[in-house]
Amino acid sequence: MELMQIRYFLEVASSQHITHSAEKLHIAQPALTQAINRLEADLGVPLFMSKGRNIVLTEYGRYLQQAVTPLIMQLDMIPDSLRRMAKLDSETIRINVRAASAIVTEAIIAYKNKHDNIHFSLFQSPSSEICDIEVTTKMFYHVSHGQNCEFAINEKIFLAVSESKFGSCDSVTIKDIADEGFICLLGSRQFRAICDKHCHHAGFKPKIIFESDNPTAVRNMIAANMGVGFWPEFTWGRTADEHVKLMEISDMPCSRDIVISYNPTKVDNSNVVDFYEFLRDFCINRRNEIKATQIAKK
């Protein structure tokens, strides 16, 4: 059975008149009659029988009508369903947030204020295959491949320490706090791996007194002066506790790259590109604001 034959059959079954059906289908009457005859030959049973000037369904015809009607209805619904799926997919941005979750969240809130039709799906996965945008972090020597779908912004890493212990100093070496208790993200987080490498380069392994998978919990513990910790310059903002100060690390360059990339292969990625550019500019503006504040304090 061919799909067109089934559609012709259902129309004739509905009208019970070959001529009227041919007019509605915009085909010649002989062509419609031949299509019905071929369908009956393929199935090996009669589907219609004459009744006066009209035709009516046989028992086989009624069975076929009942069997294929819901199938054709489902087929006819597929184009609209696909269009709705495509619209929803184009309005949903899947972001793999492996770093800088606080600033990504802030950017999403700011973006949603002007684009309430856009939806976001956030997750954390080692694989970037299913995401539209990925936010990761690497050591400061990250080299961009020059692709227009990737952007890297450098972020200085400070040490958050007790003001009472370090006084009015503006900088500190990592070795100075080698014996301090560290508050860190869990070892599975990319930022933690970067911080561990900096300590390794300084010749010691940090003594961890508290670690969490939640960046907010880590920030709050450091800000509460419960220990020292690494503090990224603009993605974490400033400390809320006046007794905790952020000090530059003087004995080595201590920074990281926030890398934002998007998937250029998505069928309709105009919304993805728009948010990617918004997030890029959001990070740049936040970094510039932090730097302007620091200059003003000096």
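Where is the place of Glu2?

## The start of the chain

In this predicted model, Glu2 sits in the segment that comes before helix H1. Its relative accessible area is 53%, so Glu2 counts as exposed, the cut-off for that class being over 50%. Glu2 and Lys165 are 163 residues apart along the chain, and their C-alpha atoms lie 84 Å from each other.

## Helices H1 and H2

Two packed helices are described by the angle between their axes together with the distance between those axes. Helix H1 covers residues 3–15 and helix H2 covers residues 18–25, and their axes come within 9 Å while crossing at roughly 130°. Angles from 65 to 115 degrees count as roughly perpendicular and those over 145 as roughly antiparallel, and H1 and H2 are therefore oblique to each other. The crossing of these two helices is right-handed.

On the H1 side the contact is made by Tyr8, Glu11, Val12 and Ser15, and on the H2 side by Ile18, Ser21, Lys24 and Leu25.

## Salt bridges between sequence neighbours

Side chains of opposite charge can pair when their charged atoms come close. The structure holds twelve salt bridges, and one of them joins Arg83 to Asp80, with 2.4 Å between the closest N and O atoms. Both residues belong to helix H4, which spans residues 59–90, and because they are three residues apart in that helix, about one helical turn separates them. Arg83 is exposed, with a relative accessible area of 53%, whereas Asp80, at 38% relative accessibility, counts as partly exposed.

Another salt bridge links Arg280 with Asp281, and here the closest N and O atoms are 3.2 Å apart. Arg280 is partly exposed at 25% relative accessibility, and Asp281 is likewise partly exposed, with a relative accessible area of 35%.

Which residue forms a salt bridge with Asp213? The partner is Arg189, and the closest N and O atoms of the pair are 3.2 Å apart. Asp213 lies in the loop between strand S9 (207–212) and helix H8 (215–223), while Arg189 lies in the loop between strand S8 (181–185) and helix H7 (190–202), so the pair ties together parts that are 24 residues apart in sequence.

Is Arg189 buried or exposed? With a relative accessible area of 10%, Arg189 is buried, because that class takes in values under 20%. Asp213, by contrast, counts as partly exposed, at 37% relative accessibility.

## Arg192 in helix H7

Arg192 is found in helix H7, and this residue is buried, with a relative accessible area of 10%. Leaving aside residues up to four places away in sequence, Arg192 touches Cys184, Leu185, Leu186, Gly187, Ile208 and Glu211. Arg192 and Pro264 are 72 residues apart in sequence, and their C-alpha atoms are 29 Å apart in space.

Conventions:
Residues numbered from 1 in each chain as written. Predicted model: local features only at pLDDT ≥ 70, side-chain atom pairs only at ≥ 80, totals over all residues. Heavy atoms only, no water. Salt bridge = Lys/Arg side-chain N within 4 Å of Asp/Glu carboxyl O. Helix = DSSP H or I, 4+ residues; strand = E, 2+ residues; numbered from the N terminus. Buried < 20%, exposed > 50% of the residue type's maximum accessible area, 1.4 Å probe, protein only. Axes fitted to C-alpha atoms, helices over the stretch in contact; angles between N-to-C directions. Parallel < 35°, antiparallel > 145°, perpendicular 65-115°, else oblique. Left-handed = near helix turned anticlockwise from the far one by under 90°. Contact = heavy atoms within 4.5 Å.
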